[in-house]
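The sequence and coordinates are shown first.

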Amino acid sequence: MKKIGIYTYTALLMIMAAALYSCEPDDNEKEWGNTKVYMPQAAILDGGLSNNYPVPLNNNASTNNYKVDSETNTLKIVLGVYRSGLQELQAFSVDVAADLSATATAVPAVTKGIALPTDVYSLPGKVSVDGGKRESIFYLDVDLNKLINDYPDYNTKQMVLVVAISNPSQYELNTNLAKTTVIIDGASFMPVRKIVQGGDFEAGSEAYWTFLNTNATVLPNTFASITNGA
């Protein structure tokens with residue numbers, strides 16, 4: 001009689017376990033993975049070790065990470081927001097801004113690095129990802145005309161700007177990949193600097209010279225002596 005009780009109790013446990021198991025969702029119905037929001041460009045170069053994002057992206061010739069608007073001569077650098085995890089894709093938004101403090105910290109670590117001037121670029125203040133979608137792209141717009149005219153000597157520089165996302169309307173921010181250090185190669189988008197044009201540089205041709213792009217780094221009206229010329 002005692003054995004029958006034990007068997008009955010064991011059978012009851014097995015039935016309860018089976019019932020509980022049948023209530024569990026199949027593996028393909030479970031929501032796996034951490035739901036985090038981040039910038040894919042922060043990891044594209046070296047997996048997020050440096051958060052550096054060169055423009056052009058020279059480590060992958062097949063990846064075009066920018067385009068140039070030929071009508072306005074605007075350099076449009078591709079950036080984005082991404083949500084990981086397999087949970088339901090609900091709509092969300094993040095704030096976008098340039099982090100000037102982080103930019104100042106990043107510049108010394110970049111060969112020929114210099115901060116991208118604040119008056120030549122623009123960013124959206126907020127980016128939204130629609131429901132049912134995992135990501136959305138946005139652009140860092142750089143006015144090449146202004147850059148070339150006002151900062152001609154930057155053609156030999158690597159221009160740096162840290163772009164950050166913050167305050168997701170839902171989900172958790174991956175703080176390790178929430179900032180992207182954009183590094184723009186000046187030589188790829190700017191001509192060699194011109195100081196003067198006009199005249200043939202023979203003696204007397206100075207009257208026809210026009211000085212270009214003179215600023216604090218170029219002394220205006222400073223002449224070099226050339227044999228048999230000016």
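Tyrosine 171 is partly exposed, because its relative accessible area is 23% (buried means under 20%, exposed over 50% and partly exposed in between, with a 1.4 Å probe and protein chains only). Tyrosine 171 lies in the loop between β10 and β11 (172-173); helices (H or I, at least four residues) and strands (E, at least two) are DSSP runs, numbered from the N terminus. Although tyrosine 171 is not a glycine, its phi is positive, at about 75 degrees. Most residues other than glycine have a negative phi, and most peptide bonds are trans.

Asparagine 51, also not a glycine, has a positive phi near 65 degrees. Asparagine 51 belongs to the loop between β1 (36-38) and β2 and counts as buried, at 13% relative accessibility. The peptide bond from valine 55 to proline 56 is cis, with omega near 0 degrees. Proline 56 itself sits in the loop between β2 and β3 (66-69).

## Basis of the model

The model is predicted: local features need pLDDT of at least 70 and side-chain atom pairs count only at pLDDT 80 or more, while totals for chains, interfaces and linings use all residues. Residues are numbered from 1 along each chain as its sequence is written, and side-chain values use heavy atoms, with hydrogens and water left out.

## Overall composition

The protein chain contains four helices and 14 strands. Of its 230 residues, 33% count as buried. The chain exposes about 13900 Å², of which carbon and sulfur atoms supply 54%; accessible areas come from the Shrake-Rupley method with a 1.4 Å probe, and for residues only the protein chains shown count as cover.

Among contacts (heavy atoms within 4.5 Å) between residues at least 6 apart in sequence, 72% join residues at least 24 apart.

## Salt bridges

There are five salt bridges in the structure, each being a side-chain nitrogen of Lys or Arg within 4 Å of a carboxyl oxygen of Asp or Glu. One of them pairs lysine 76 with aspartate 141, at 3.0 Å from N to O. This pair links distant parts of the chain, since lysine 76 is in strand β4 (residues 74-83) and aspartate 141 in strand β9 (residues 135-143), 65 residues apart. Lysine 76 counts as buried, because its relative accessibility is 18%.

Aspartate 95 and lysine 126 form another salt bridge, with the closest N and O atoms 2.6 Å apart. Aspartate 95 is partly exposed at 22% relative accessibility, and lysine 126 is partly exposed at 48%.

Which separation in helix α3 (residues 144-150) do lysine 146 and aspartate 150 have? They are four residues apart, and therefore separated by about one helical turn. The closest N and O atoms of their salt bridge are 2.8 Å apart. Lysine 146 is partly exposed, with a relative accessible area of 28%, as is aspartate 150, at 35%. Salt bridges that share partners join Asp119, Lys146 and Asp150 into one network.

## Nonpolar cores

A nonpolar core is a set of buried Ala, Val, Leu, Ile, Met, Phe, Trp, Tyr and Cys residues joined through side-chain atoms within 4.5 Å. The largest such core has 34 residues, of which Ile77, Val81, Val142, Leu147, Ile165, Val182 and Ile184 touch the most other members. The elements giving two or more residues to this core are β2 (52-55), β4, β5, β8, β9, α3, β10 (158-166) and β12 (179-185). Strand β4 provides the largest share, five residues. Apart from this core lies another, of seven residues, among them Ala106, Val107, Val162 and Ile183.

Isoleucine 77 is found in strand β4 and is buried, with a relative accessible area of 0%. Beyond its neighbours within four places in sequence, isoleucine 77 is in contact with residues including Tyr53, Val55, Phe138, Leu140, Val142, Val182 and Ile184. The C-alpha atoms of isoleucine 77 and lysine 67 are 6.7 Å apart in space, the two residues being 10 apart in sequence. Leucine 147, with residues up to four places away in sequence not counted, touches Pro117, Val120, Val142, Pro152, Tyr154, Met159 and Met190.
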